[in-house]
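Reader: Hi! Could you walk me through this one? I'd like to go through the contacts piece by piece.

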Amino acid sequence: MQTKLIPAILNHKHDYFIEKETGAGKTISIALSLLNLAHADYLRNSFIDERLRHNQANVQDSGSVSKTNHAFYSPLAVLVVPNRELGLQIQSWMQNLASEAFPNIPSSYLAQTFIKSELLEKRQESLLEEFGVPSIVIGTPTRLLDLVIKKNRIPIDFRLRRIVVDEIDMVIQLLGKNASLKKRMIRLKNPKDGQILVESLIRKFWDSDTKSRPISKLVEGGDKVGVVPGIFHLQGAIDNIKEGKKRLWLEKEMKKVNENLSESLKPLNWENKKKAFSLICMSATINSDLRKFLKSRGWFPNAVKIIQSKTENMTVPSVIQHSCIVVDELESIRNIRDKIKSNLDTNESNTFGNGTSNNGNFNKFQNDEFMIKNTENGLEIHGLSLDNGRYNNVEEANIKDNEVRSYRGSDVKPKPNEINEDQYNEIMTECVANILAAESEFVKTVVIFYGFGGNYKGFIENLNKSGVKAESLMNSVSGSDIDNSIDGNGERENRVYVSAEASGRGMDLKNVSHVLVLGAPKTAASYLHMAGRTGRFGKPGKAITVVVNKNDSRDEGKVRGIYSQLGIQSVPLNYVPE
């Protein structure tokens with residue numbers, strides 16, 4: 001991978017799609033290559049007076065021109081990342097590498113990272129003020145739009161030679177094929193910040209370039225360059241809609257888009273423009289629709305080179321073992337089934353036990369804690385009960401089951417079980433505590449993807465109360481040292497990080513042995529990226545998904561479909577016997 005990618009980055013004459021599986025080393029290769037370019041840039045071009053940069057001073061008078069306090073006026077490269085966490089991690093990599101390789105050069109001259117954060121923005125502004133614009137600018141789309149476009153704190157000019165977009169599919173968030181016309185209309189008028197940023201960077205480069213020349217080939221579309229390609233597709237779809245209020249509204253909105261189309265919404269028009277930089281888009285999940293969309297926007301006026309896996313299909317590292325636990329009726333658990341069965345037979349399900357841990361390491365799990373127990377009072381279901389002891393013994397369980405079964409013999413259907421956030425946190429805490437206890441022999445670093453919205457503070461609090469020491473992934477990369485986790489006995493503790501799917505995208509944490517996906521993933525691509533936090537660089541790992549069935553098997557079926565699409569064989573967990 002690195003033997004192909006690094007030379008591609010160092011050569012700015014071509015555009016690239018980098019499509020390799022998770023854990024292949026795409027991002028670290030980018031970081032190494034850009035740091036090498038930044039060092040060369042510093043040795044050749046740093047501390048040159050701004051007038052010389054813009055040819056405003058005669059070269060013969062250069063002796064009378066004083067050097068500036070800042071190394072650069074504008075960046076050589078811009079690296080766009082989808083989330084704050086990845087930006088901070090790349091910044092950490094570059095700082096550590098620069099301190100070892102170039103100890104006499106402050107790393108802030110070479111690279112700086114800009115993300116949205118109340119705690120970090122003042123620090124970023126301070127570094128920008130002290131060291132000026134670095135050779136390599138790293139940042140999230142929203143933050144860079146603010147600094148580059150709105151405030152012009154980071155000028156873009158003819159020095160720009162590389163634009164790199166990591167996790168391009170997440171940065172663009174292309175609408176799916178089944179998206180409604182209304183959603184497509186809204187997206188036309190309100191594209192994602194990542195799209196606006198990249199196209200604005202290119203336009204700023206054009207504005208500063210004094211040596212423009214025509215290029216031989218224009219973007220696909222010929223005489224349609226300069227008009228939003230999506231309008232043609234939408235108009236065709238509208239023509240197929242029957243006369244009525246919906247069609248009238250869509251035609252009215254389409255007219256507004258055509259009349260008020262701002263320059264920033266139009267595709268890039270390369271006529272009489274110079275292509276002097278390289279645009280590199282990376283992800284493990286770049287599909288043909290995304291490639292076509294980017295080309296229609298004018299991102300790639302010439303042929304694009306592709307560095308990809310042997311197959312164009314989405315691939316998951318073979319060293320990852322995949323398993324799925326299904327929670328039935330909010331309290332009994334089992335492995336995912338190959339096909340749907342009735343989830344009312346309690347004899348085929350098993351219930352979570354206590355599974356808590358009293359220290360940073362996880363206690364050895366006891367299999368019988370997962371099962372229905374035979375006590376002096378008869379069979380009892382041990383474990384979580386969201387309804388304050390709803391099933392205290394087998395008699396109550398049978399009564400409840402009969403009530404549920406009675407619905408199937410009538411026209412009345414039960415209402416789906418509604419799970420609020422507190423209940424979700426409670427049941428998932430129980431699941432995670434038991435899983436980590438059962439896997440304690442193999443647990444190193446754990447990444448948990450939380451599936452109930454983006455606010456997982458309550459879930460982290462529950463985990464810590466249960467004995468599982470957990471922290472937000474954002475907190476770990478922005479403040480504390482991830483490797484600084486030594487307990488009182490001088491041994492390294494297990495680390496558990498909690499993240500939303502978007503925040504964990506692209507992250508590369510050390511020694512991730514387990515990924516826990518809580519809830520059914522949105523898509524196969526979503527699962528691939530979450531599971532891909534483990535199994536990196538050939539090291540084995542486990543990806544365990546936990547879903548809750550609520551009077552149906554919809555989530556279970558969705559996971560089964562994702563496994564099928566990715567060619568994954570689910571491995572039953574032996575501590576969850578059928």
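Reader: Which residue forms a salt bridge with D508?
Author: That's R536. In this predicted model, the closest N and O atoms of D508 and R536 are 3.0 Å apart.

Reader: Where do D508 and R536 lie?
Author: D508 is in the loop between α18 (501–504) and β16 (512–518), and R536 is in the loop between α19 (524–531) and β17 (541–549). The pair therefore ties together parts that are 28 residues apart in sequence.

Reader: Is D508 buried or exposed? And what about R536?
Author: D508 counts as buried, because its relative accessibility is 17%. R536 is buried too, with a relative accessible area of 13%.

Reader: What separation do the C-alpha atoms of I544 and L518 have?
Author: They are separated by 8.5 Å, with I544 and L518 being 26 residues apart along the chain.

Reader: Back to charges. How many salt bridges does a search of the whole structure find?
Author: It finds 18. One of them pairs the side chains of E125 and R143, at 3.6 Å from N to O. E125 lies in helix α6 (residues 121–131) and R143 in helix α7, so this pair ties together parts that are 18 residues apart in sequence.

Reader: How accessible is E125, and how accessible is R143?
Author: E125 counts as partly exposed, at 25% relative accessibility. R143 counts as buried, at 1%.

Reader: And which residue meets E129 in a salt bridge?
Author: R153 does, with a distance of 3.8 Å from N to O. That pair links distant parts of the chain, 24 residues apart: E129 is in helix α6, while R153 is in the loop between α7 and β5 (162–166). E129 counts as exposed, at 56% relative accessibility, and R153 is partly exposed, with a relative accessible area of 29%.

Reader: Which residues are linked in a network of salt bridges?
Author: The network links E121, E125, E129, R143, D146, K151 and R153.

Reader: At what angle do α7 and α10 pack?
Author: Helix α7 (residues 141–150) and helix α10 (residues 193–208) pack at about 30°, and their axes are 9 Å apart. Their crossing is left-handed.

Reader: Which residues in α7 and α10 meet?
Author: On the α7 side, P141, T142, L144, L145, V148 and I149 take part. They meet D193, G194, I196, L197, S200, L201 and K204 in α10. By class, this contact has eight nonpolar, three polar and two charged residues.

Reader: What follows α7?
Author: N152 does, and its phi is positive, near 55°.

Reader: Change of topic: what pLDDT does the chain average?
Author: The average is 76, and 68% of the residues score at least 70. Over residues 210–229 the pLDDT is below 50, though this stretch has 40 contacts in the model beyond near neighbours in sequence. It also stays under 50 over residues 480–492, for which the model has 19 contacts beyond four places in sequence.

Reader: Good to know. How should low pLDDT be read?
Author: Where pLDDT is low, the predicted coordinates should not be read in detail.

Reader: Last one, on the whole chain. How many helices and strands are there?
Author: The protein chain has 20 helices and 17 strands. Of its 578 residues, 52% count as buried. Among contacts between residues at least 6 apart in sequence, 77% join residues at least 24 apart.

Terms used
Residues numbered from 1 in each chain as written. Predicted model: local features only at pLDDT ≥ 70, side-chain atom pairs only at ≥ 80, totals over all residues. Heavy atoms only, no water. Axes fitted to C-alpha atoms, helices over the stretch in contact; angles between N-to-C directions. Helix = DSSP H or I, 4+ residues; strand = E, 2+ residues; numbered from the N terminus. Left-handed = near helix turned anticlockwise from the far one by under 90°. Contact = heavy atoms within 4.5 Å. Nonpolar A, V, L, I, M, F, W, Y, C, P; charged D, E, K, R; others polar. Salt bridge = Lys/Arg side-chain N within 4 Å of Asp/Glu carboxyl O. Buried < 20%, exposed > 50% of the residue type's maximum accessible area, 1.4 Å probe, protein only. pLDDT = per-residue confidence, 0-100.
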